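Hello,

I am passing on the structure we talked about. Please open it first, then read the notes that follow.

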Amino acid sequence: MTKVAQISCGTEYSGIQWMLNDIAERVGIELVYPEMELSKIGEACREIGFEAESPSLNIMMARAVSMLDDPAIKGALLLTCFKCSEGTIVKDMIRRFLHERTDMPVILYSNVEKPKEIELYSRLDALKTLITRKTLLMREKQEGVTMGVDSGSSTTKVVVMRDNEIIGKGWLPTTDPVKSADDAIEAALKEAGIERVDAVGVTGHGRELVGEHLRADLNLEEVSVVSKGAALLSKRHKGDATVIDMGGMNNKLILMRDGIANTFNLGGICAGSSGRFLEIAARRVDADITELGQLAMESKERYELQSYCMVFGIQALVVALASGVKREDVAAAACRSVATQVYDNQIHEMEMRPPIIFVGGVSLIEGVKREFENMLGVEIIVPPYSQYAGAVGMATLVSGV
Amino acid sequence: MKVLVYPPNSMILSDLVERGGHESLALMREIGEHVRDAEIDAPPINITEEDLKRALRYVSVEEPAGLKGRIGLLAPLLEKAEASIILSDAPPTYGCMGCAVADEFFKFLIRKREIPTLEVRYEGGERTEEMVTEVMTFLAQLSKEEKK
């Protein structure tokens with residue numbers, strides 16, 4: 001079992017501790033609660049440089065300081081209540097403090113009283129990979145002939161790589177995950193002009209099913225794999241970086257150090273911040289999804305959708321078109337809506353460490369990239385083959401198995 | 001009388017209430033009931049759905065989960081209370097609520113009940129004796145009123 005410190009201000013009062021314990025056990029994590037003397041609380045607050053009004057948040061900081069004394073602890077899970085502003089500040093301070101003092105992965109979560117099990121599972125699963133697969137994740141180069149399969153919720157991506165070069169690609173909508181993977185693999189192998197590879201790695205939502213079908217040599221969750229792919233595609237293996245990964249149905253914000261994720265935040269609460277929202281918006285402005293970004297770039301007048309919601313946001317978009325707003329301005333508004341929601345729900349909980357690397361299918365929509373650049377005031381890097389980040393990461397990692 | 005103490009897990013205040021001849025309403029007792037209830041699965045590390053529902057009488061759905069949980073757990077004490085003692089600025093060793101917002105909100109709910117309430121500040125050191133005297137005088141006063 002991998003020891004992870006649970007640093008929280010009282011999850012038992014939110015009624016979710018049983019779920020945390022249950023999921024942790026399933027992914028092979030032992031949650032520990034670093035103890036400290038009450039008299040040390042003030043000292044710990046001074047060390048971190050903040051004193052909260054809530055006594056439990058001060059205790060939380062003291063636990064964070066105390067965990068540094070236990071070498072058996074390999075990662076940290078920071079939890080406070082969703083909508084607690086003081087908790088959010090303290091959580092972020094502790095994350096920064098731990099990143100200054102250690103290189104262990106830290107994950108943050110804002111809990112409600114009935115969190116979705118999958119949200120907690122995916123976070124703890126990723127944390128486990130980041131701790132236990134650290135040597136593998138340090139790989140900076142793909143070797144031999146390998147294949148990476150990213151069985152995503154919207155599309156299945158496959159790359160075949162030879163000696164750190166992509167030689168074949170396949171990208172298909174995910175229907176039956178196994179069939180979609182088989183078809184995308186066939187396309188990738190055909191383009192590569194080969195019939196077999198040395199090793200196959202699988203990631204994405206369908207990784208269990210597809211991994212079993214392909215008898216994959218490696219099966220890993222998306223956070224560690226996508227961040228590795230983003231580092232490889234953008235050739236940023238050293239220092240800090242931030243990865244924004246936006247797919248058809250969910251998105252991730254990952255802070256990396258030396259090409260390995262050390263903090264991340266997962267979306268998935270609202271469809272309004274997904275690629276799916278843009279697909280529907282594209283249909284409404286009578287454009288193909290591949291043209292939406294370019295159309296948005298032609299916008300001259302700023303128009304705001306009054307809702308992020310998949311239903312009401314699209315309704316606002318329809319009303320705008322009916323009232324004579326130009327389709328390019330509506331396309332830009334849809335891109336802004338998606339980027340703003342990612343900003344509000346994910347980016348604002350973490351600092352942005354430049355360079356910022358944008359990957360996933362949505363990264364191909366230029367209008368969204370521009371909105372992020374306007375919001376953050378920094379240039380965003382969209383590396384070549386950005387939509388294949390997961391598959392490239394997987395092809396690279398499996399070459400080290 | 002049933003005297004609610006604040007901080008609600010203060011052993012020292014609970015002890016003073018008992019010594020003053022009253023029944024203390026403290027969090028430990030409430031959690032103890034959760035522990036002894038065979039129908040609750042994993043106490044005391046989890047509040048139950050019933051606790052959360054109970055909280056909705058006092059807080060809105062959109063409040064943070066931990067605030068709802070804390071208020072839900074404390075609500076039965078509040079509803080039973082016939083008097084209360086609120087100790088402010090107490091050090092952590094005196095017991096604490098944990099969450100500053102839940103803390104303020106619970107004090108507000110106590111005041112809103114309009115039951116006899118003593119509000120006293122913890123100053124420590126030599127002033128501790130004065131504080132204890134103040135608490136005991138209040139408790140004696142409650143006993144007199146009860147006899148009437």
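For chain B the mean pLDDT is 86, and 91% of the residues reach 70 or more. Among the elements of that chain, β1(B) has the highest mean pLDDT, 94, while helix α2 (residues 27-36) has the lowest, 79. Where pLDDT is low, the predicted coordinates should not be read in detail.

Backbone angles

Most residues other than glycine have a negative phi, and most peptide bonds are trans.

- B:E114 has a positive phi, near 55 degrees, and is not a glycine. It is found in the loop between α5 (100-112) and β4 of chain B. B:E114 counts as exposed because it has 7 C-beta neighbours inside 10 Å.
- The peptide bond from A:P354 to A:P355 is cis, with omega near 0 degrees. A:P355 belongs to the loop between α13 and β13 of chain A.
- B:Y6 and B:P7 are also joined by a cis peptide bond, with omega about 5 degrees. B:P7 is part of the loop between β1 and α1 (11-19) of chain B.

The sheet in chain B

Chain B contains an open sheet of four strands in the order β2-β1-β3-β4, with parallel pairing. Its edge strands are β2 (23-25) and β4 (117-121), each of which pairs on one side only. From one strand to the next, the twist averages 25 degrees.

Strand β1 (residues 2-6) runs parallel to strand β3 (residues 83-88) in chain B, and four bridges join them. In this pair, B:V3 has B:A83 as its bridge partner, and B:V5 stands opposite B:I85. On to the next pair: β3(B) and β4(B) are parallel and joined by five bridges. There, B:L87 stands opposite B:V120 of β4(B).

Where the chains meet

How many residues of chain A are in contact with chain B? The number is 22, and they touch 20 residues of chain B. Helices α1 (17-27) and α3 (55-67) of chain A each supply at least two residues of the side that touches chain B. By class, that side of chain A has ten nonpolar, seven polar and five charged residues.

A:R26 is found in helix α1 of chain A. Since 11 other C-beta atoms lie within 10 Å of A:R26, it is exposed. A:R26 and A:L124 are 98 residues apart in sequence, but their C-alpha atoms are 9.7 Å apart in space.

In soluble globular proteins, nonpolar side chains tend to be buried together. The largest nonpolar core here has 159 residues, and those with the most contacts inside it are A:A76, A:I94, A:V149, A:V159, A:A281, A:A331 and A:A334. Helix α13 (residues 327-345) of chain A provides the largest share of this core, nine residues.

Apart from its neighbours within four places in sequence, A:I94 is in contact with A:I7, A:I48, A:M60, A:M61, A:A64 and A:L78.

Helix α14 of chain A

What does helix α14 pack against? The buried residues of α14(A) pack against β10 (240-246), α11 (289-297), α13, β13 (356-359) and β14 (380-381) of chain A. In this helix, which spans residues 366-376, the buried residues include A:G367, A:V368, A:K369, A:E371 and A:F372. After α14(A) comes A:G377, whose phi is positive, near 70 degrees.

Best wishes

Definitions and conventions. Residues are numbered from 1 along each chain as its sequence is written. Chains are lettered from A and ligands numbered from 1 in the order in which they are written. This is a predicted model: local features need pLDDT of at least 70, side-chain atom pairs count only at pLDDT 80 or more; totals for chains, interfaces and linings use all residues. Two strands pair if DSSP finds at least two bridges between them. Axes are lines fitted to C-alpha atoms, for helices over the stretch in contact, and angles run from 0 to 180 degrees between N-to-C directions. pLDDT is the predictor's confidence in each residue, from 0 to 100. Two residues are in contact if their C-beta atoms, placed from the backbone, lie within 7 Å. Ala, Val, Leu, Ile, Met, Phe, Trp, Tyr, Cys and Pro count as nonpolar, Asp, Glu, Lys and Arg as charged, and the others, Gly among them, as polar. A nonpolar core is a set of buried Ala, Val, Leu, Ile, Met, Phe, Trp, Tyr and Cys residues joined through C-beta atoms within 7 Å. A residue is buried if 20 or more other C-beta atoms lie within 10 Å of its own, exposed if 12 or fewer, and partly exposed in between; C-beta atoms are placed from the backbone.
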